[in-house]
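Colleague: Before I use any of these labels, I would like to see how each was assigned. Please set the values against the definitions.

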Amino acid sequence: MHSEKDSINYNLVELAYQLFTRVKDSDFEYIYRGGFSQKISKNLLSLAESNVKNTAGRTDLKNRIYFVMVEGLQNITKHGDEPEAYLDIEDSGMFAIQRKLGKYYITTGNVINKESERSLKPKLDQLNILEKDQLNKLRKEVLVGGELSDKGGAGLGLIEMARKSGKKLVYEFEPVDDKASFFYFRTEIQGEQSLYQESAPSIVDDRSIEDVKSLHKKLNEENVLINFNGKFNRENILSILSVIKGQMNISSTSKKVYGIMVEMLQNISKHTNNIEENIKNRGIFFLSKKDNKFILTSGNYIHNSDIDGLVKKIDGINNLSAEDLYEQYNSVLLDITPSEKKTGLGFIDIKIKSENKIIYYFKEIDNNFSFFALQSTIQIKD
Amino acid sequence: MRSLIIEATEDTPLVYFNPSEGKFIMEKSSLPENAVEYYSPVLEWLKEYQQTPNPKTVFDFSLDYLNTASSKQIFEVIMMINKISAVSDVTLRWHYDSIDEDMLGLGKRFSHLVNIKFEFIEYENEDDFEI
């Protein structure tokens, strides 16, 4: 069930469903595409940190994950050695952190030139054949003797990533043209249980990088700038907002996007308030930009019995003229009886700010729950 | 009367109501999910102020982001200020970012629902965003 089948954005709500259901309720997946300034890196880190904090219990595990994220982000910003020719692709650098069945995966992606590729590949291959004690030895050598890059040795950053991971570093160079490649680099970090299995065999999960690559391609196609798929709480909502704020130029449009995002993100936690603990606050949100429009898509579980009421509410608001919308807004303000949760101002506000119909979509999951997606589109005016 | 000072957080505004200095300021972002809880001491304080107000009260509201839960509560605040205006010469200065037509629009709509002297004051945005 959905509002506007012909809508150009219909594939995005379908995508929301696909992405939402591919992540387990106890896991999360968070992907950013775009430029990497220091400020954005900082916001990305704080968002990732707040999610890791909620899922990873042990401090040393959190520290490992954090370390690998910092190194990964620095690698992207440091190796900005690509000239303007790759600005578009460069802009589509990416950072992903995923938690899958208790394991953490950190993936970075950026354009690098063929020379860097040629020097990087043997370094990574060298690190991947080293055992733990050999890695420690190499680390000492590098610390004592300085960088070994001229001798073809790996830099300290990569060595440390390999050490913290304890797994093979998975990478792939995808050719962009004859001068450059897109470099995918994935680090796996074992979750709680297996942390102490010193001699755990290093099984390389090759599918893991294929998985993030295909996801990245989908997000490229739809020009999704940020995708967050997991549990929403005050802390990570504020971090997501900061990332977006850091990424957009200030304008009347960006103010609207921000305002609508707040409503959509807070709706997720409101709508899932009366839902079982394990799927409470579980949702997906992504922001995309296409045809001079920002498109905001969110999704979450909803009780099947709540669907009719919600449809009626949104259809009602969609059918109001601009003038009637304001009148409705005022009548909600003047009515003192409804509790905060029932103000109903959220949808009205989204419609006022976006000046477009609110698109919705439901897909039944089982007898109790459906997936409910909401979408708002804003024309970029400035 | 005692002052009411609530420090700003990432998602709640600064409230600085100080009758002896004649300052009644609310600024920054208001995005809490539970806005009722946040605004209840503000409303309480205003109710008390209504008993012994200054002859003249100028409110300066300068909010850059509001969620709808806050809009509703700020309207409650404005209704309370409306009551105060019966016993004090009240002006509400609604400051808005020059590019934020929605914030101006909201202030205008509020102003039509009450009998308070509203002044709309435009400010140039501080560069909070990255360029």
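Colleague: Why is A:K114 called buried?

Modeller: Buried means under 20% relative accessible area, exposed over 50%, and partly exposed in between (1.4 Å probe, protein chains only). A:K114 has a relative accessible area of 18%, so A:K114 counts as buried. This is a predicted model: local features need pLDDT of at least 70, side-chain atom pairs count only at pLDDT 80 or more, and totals for chains, interfaces and linings use all residues. Side-chain values use heavy atoms, with hydrogens and water left out.

Colleague: What makes A:K114 and A:E117 a salt bridge?

Modeller: The term requires a side-chain nitrogen of Lys or Arg within 4 Å of a carboxyl oxygen of Asp or Glu. In this pair the closest N and O atoms are 3.8 Å apart, so the pair qualifies. The two residues are three apart in helix α5 (residues 114-129) of chain A, and therefore separated by about one helical turn. Helices (H or I, at least four residues) and strands (E, at least two) are DSSP runs, numbered from the N terminus.

Colleague: How do you know that A:E188 and A:K103 link distant parts of the chain?

Modeller: A:E188 is in strand β5 (residues 180-189) and A:K103 in strand β3 (residues 103-113), both of chain A, 85 residues apart. Their closest N and O atoms are 3.9 Å apart, which makes a salt bridge.

Colleague: Which of these labels, buried or partly exposed, does A:K103 get?

Modeller: A:K103 is partly exposed, because its relative accessible area is 30%. A:E188, at 8%, is buried.

Terms used. Residues numbered from 1 in each chain as written. Chains lettered and ligands numbered in written order.
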